[in-house]
2 protein chains.
Amino acid sequence: MGEYTAWVFTIGNEVVHGRVINTNSAFLGRKLVLLGYEVLGNISLIDDVDLISKFLRYVLPDSKVIITTGGLGPTYDDRTSEALANALGLQLELNSEALEMVKRKYESLGLPLTKERVKMAILPKGAKPIPNPVGTAPGIHLEIDGKVIIALPGVPKEMEVMFEGYVEPLLKSIGPKIFFAEREFEVRNLPESSAAEVVNKLLRKYPNVYVKTQPKGTELGKPVLTVYVCVSSKSKEEAESIIDSLVKDLKEGFIGSGGIINH
Amino acid sequence: MGEYTAWVFTIGNEVVHGRVINTNSAFLGRKLVLLGYEVLGNISLIDDVDLISKFLRYVLPDSKVIITTGGLGPTYDDRTSEALANALGLQLELNSEALEMVKRKYESLGLPLTKERVKMAILPKGAKPIPNPVGTAPGIHLEIDGKVIIALPGVPKEMEVMFEGYVEPLLKSIGPKIFFAEREFEVRNLPESSAAEVVNKLLRKYPNVYVKTQPKGTELGKPVLTVYVCVSSKSKEEAESIIDSLVKDLKEGFIGSGGIINH
């Protein structure tokens, strides 16, 4: 595993039990890859503090970045802050900056500060609260031994705004200086197992590329494959030049095996 | 953790890196919950044999059932069979029953058996292949020390048909005899943090229920919450009676705090 490994966590029974489709992990996985991080996996867990702590501790040694979504709200089952504190051996404390954010939000709505609302400002000691311009619960930003741990709310709109406004610039500033190129095209008339022969041969020629073929049903009775290719490199020009050459070789190989290129 | 714990794995860079939204884990999570299993989490991992093996071994002691999707196809990066063998300390071997399935499929298409196609019949020793009526790669069924480990393809249509035709009846026959009741309704005009006070009080009265409130945007400027409730019990009548009583108490509590019940 490299220097810039990342893990994504999704917290919540509703995701694990399939009542909500997990779009947060796709959003974050994509963003992290484009920032040059090596995303190893996404772990979705039920709202169980011990289980969440256990998995955070398990991946921590192999992580530069961990991002969690979910479990920051006011309800009894929102326990991500507690799990982070457990996993990292930190005390929980009322964070005055976070409390200020929560207070201002409810004051503007003309609502009092109840126990449930104050709970959203109880963060692991040393955490920086991340402003939530859309909802109420602040995010959590921790840095420990050169590792960055971020907790964001589970509501996609809040998570996305907070990621793009606060987390993305942070990860860009500490991330690798790499460039990334990708292409996608379709091949008709070629079973995936025939495409695999072509891909296997070319992977020997191109060591640092990723090729994924994906069956996409049939068109007029013939199989259709989506071919996704990506390359990362220390220079933008190199990434683009490798990918153009790879895509050319792939298309030639597929055509040679009876495939028809769609676009 | 109970006797009937389950884990779901999703294998594939395309899921972890967000090029594909993970609907398989939602499908399986939902199905397993309805069969009475306690699903603890869903782990999505890149196509890395060591990483997959490591996480399979990590959850195995706490699992009655593990279901993986993805990584069974003909391409170089399809390595779930190998990861299962590693994790469970089993040899890989050409499974004659699986080879027969793969062979018949390609014969019917008039295609030869290449190395890439034969690969799909190389399974951990002792595995039973699961027929794939839609695609080509057979699934994998292993039973070890009373635990059931199932690997299914990642293409949703194949996975769903194989789950419903083979896996679901198997898990029903060895699963808990429990019954499950659920309800969902909407509340307007009530911030989630106000709903949380009502829920917290009622959870003391009802120990074996699960209540999830989820912000669903606003309607005419007022917040709308979706409230999901579920109860499991050893009798169908008991589950239904508990849930009816809980929903009644919740609605009364929400109305008492200024909420308006939508339906």
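This is a predicted model: local features need pLDDT of at least 70, side-chain atom pairs count only at pLDDT 80 or more; totals for chains, interfaces and linings use all residues.
Chain A contains 9 helices and 12 strands. Along the principal axes, its C-alpha atoms occupy a box of roughly 70 × 40 × 35 Å. Of the 263 residues in chain A, 47% are classed as buried. Contacts between residues at least 6 apart in the sequence of chain A were also examined, and 66% of them link residues at least 24 apart.

In chain A, helix H3 spans residues 49-59, and its buried residues are Ile52(A), Phe55(A) and Leu56(A). These residues lie on the same side of H3(A), because the arc they cover around the axis is only 105°. An α-helix has 3.6 residues a turn, so residues three or four places apart point the same way. The elements of chain A that cover the buried residues of H3(A) include strands E1 (5-11), E2 (38-45) and E3 (65-69), together with helix H4 (80-88).

In chain B, the axes of helix H3 (residues 49-59) and helix H4 (residues 80-88) come within 8 Å and cross at roughly 45°. H3(B) and H4(B) are therefore oblique to each other, and their crossing is right-handed. On the H3(B) side, the contact involves Val49(B), Ile52(B), Ser53(B), Leu56(B) and Arg57(B). These meet Thr80(B), Glu82(B), Ala83(B), Leu84(B), Asn86(B) and Ala87(B) of H4(B). By residue class, the contact of H3(B) with H4(B) comprises 6 nonpolar, 3 polar and 2 charged residues.

Technical notes
Residues are numbered from 1 along each chain as its sequence is written. Chains are lettered from A and ligands numbered from 1 in the order in which they are written. Axes are lines fitted to C-alpha atoms, for helices over the stretch in contact, and angles run from 0 to 180 degrees between N-to-C directions. Helices (H or I, at least four residues) and strands (E, at least two) are DSSP runs, numbered from the N terminus. Angles under 35 degrees count as roughly parallel, over 145 as roughly antiparallel, 65 to 115 as roughly perpendicular and the rest as oblique. A crossing is left-handed if the near helix is turned anticlockwise from the far one by less than a right angle, and right-handed if clockwise. Two residues are in contact if their C-beta atoms, placed from the backbone, lie within 7 Å. Ala, Val, Leu, Ile, Met, Phe, Trp, Tyr, Cys and Pro count as nonpolar, Asp, Glu, Lys and Arg as charged, and the others, Gly among them, as polar. A residue is buried if 20 or more other C-beta atoms lie within 10 Å of its own, exposed if 12 or fewer, and partly exposed in between; C-beta atoms are placed from the backbone. The arc is that of the directions from the helix axis to the C-beta atoms.
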